[in-house]
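Colleague: I have a chain open on my screen and would like to go through it. Can you take my questions one by one?

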Amino acid sequence: MMSKNMQGSSGQRRSNAYAWGLIALALCILIVPRFLDQYTLHIFIMVLVYGALALSWDILGRTGQLSLAHAGLFGLGCYVFAVLTTRVGVPELLSIVLSGVVCAIVAAGLGAITLRLRATYFVIATLAFAEVMKTLALRLDKVTGGAIGIGVPMLFGGNRIALAYMAGLILMLVVLTSVYIQRSRHHFAFSAIRTKGDLASVFGVGVVKNKIAAFMVSAAFAGMVGAFYMGYISYTVPEEAFNMSISVSALVMSIFGGLGSTAGPLMGAAILKVIEEYLRVTVRYGYMIVYGAILVAVILFMPYGLVGVAKKWLSSRREASQNGSAE
């Protein structure tokens, strides 16, 4: 009975933490943009963009899949948005949603082929996908503009406060989806697939089905982020839209913050994006080397990311408190 009460109390505390965290994030998105200058507001928007990207990558990462497809999906979202708005005349907000839908459908097809592959082979396949997408964007010049690129009118006429709210809305959708997955049976299925993939299928877990579902959700948000980014910068070329640094950033931010959590990728995106901008302005030349050295040090000495460090600290505080009470 006592064990059940403790579990219930722990679950209630976790629910309260999620609720307060969501409220704090929503208030931050609503209030902070109104007090920032244009340059700082741009950084804030980029933090929201990369926060959504990192967390969407982490949703697939929870099944144990190391994907480099985000560059391809982000770029695909950019180009679907551009084509729908400029060539077809679809409203901008609907185009963002449809970009996510297209990316989810593409991920379903790609996942059906590649998610049966193991480890390195899956990584190579997703890397090849991003390169194929870039090649198609270059070759289909009558639709995409080819190497010259493609432009669109800026979302909301370039109003950065409205743009920050739009980026925040997409981020909140990713966060809510992540929290739902963590608090549903999907969490246990993803964990079983990640830790004991072969045994999971024996116990009735649909391994490939769950991986494809996670890939589709991850891809849909990556596509929506790409679509928003296209409306934000208003012009892109294949080399920028499908740049592999997008996949690497999403991966590294998740690892830095803490894999398998909602807060981890968000903290990783916020801290690393600010550090990157600071180094770019102050160091100028070779700042990426310094940035890389920081990342290597963090991964070596904090293998479970910032969330792991926080949990360890809280655990030690709790043990110290219990020992003090016992005395």
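What follows is a chat about the chain as a whole, then some of its helices.

Modeller: Two notes before we start. This is a predicted model, where local features need pLDDT of at least 70 and side-chain atom pairs count only at pLDDT 80 or more, while totals for chains, interfaces and linings use all residues. Residues are numbered from 1 along each chain as its sequence is written, and side-chain values use heavy atoms, with hydrogens and water left out.

Colleague: Fine. How many helices and strands does the chain have?

Modeller: There are 15 helices and two strands. Helices (H or I, at least four residues) and strands (E, at least two) are DSSP runs, numbered from the N terminus.

Colleague: What is the radius of gyration of the chain?

Modeller: The chain has 21 Å, which agrees with the value near 20 Å that a compact globule of 327 residues would have. The radius is taken over C-alpha atoms, and the globule rule is 2.2 Å times the number of residues to the power 0.38.

Colleague: And how much of the chain is buried?

Modeller: Buried residues make up 46% of the 327. Buried means under 20% relative accessible area, exposed over 50%, and partly exposed in between (1.4 Å probe, protein chains only).

Colleague: Now helix 4. Where is it, and what is its reach?

Modeller: Helix 4 covers residues 92–114 and reaches 32 Å from its first C-alpha to its last, close to the expected 33 Å. The expected span is 1.5 Å times one less than the number of residues.

Colleague: Which of its residues are buried?

Modeller: Among them are Ser95, Ile96, Cys103 and Leu110. The cover over the buried residues of helix 4 includes helix 3, helix 5, helix 7 and helix 10.

Colleague: Why does Ser95 count as buried?

Modeller: Because its relative accessibility is 0%. Leaving aside neighbours within four places in sequence, Ser95 is in contact (heavy atoms within 4.5 Å) with Phe81, Leu84, Thr85 and Val90. Ser95 also lies 7.7 Å from Ala227, C-alpha to C-alpha, though the two are 132 residues apart in sequence.

Colleague: Then helix 10. How many of its residues are buried?

Modeller: 21 of the 27 are buried, so helix 10 is largely enclosed by the rest of the structure. Helix 10 reaches 39 Å from its first C-alpha to its last, close to the 39 Å expected.

Colleague: What comes after helix 10?

Modeller: Ser234 follows, and its phi is positive, near 70 degrees.
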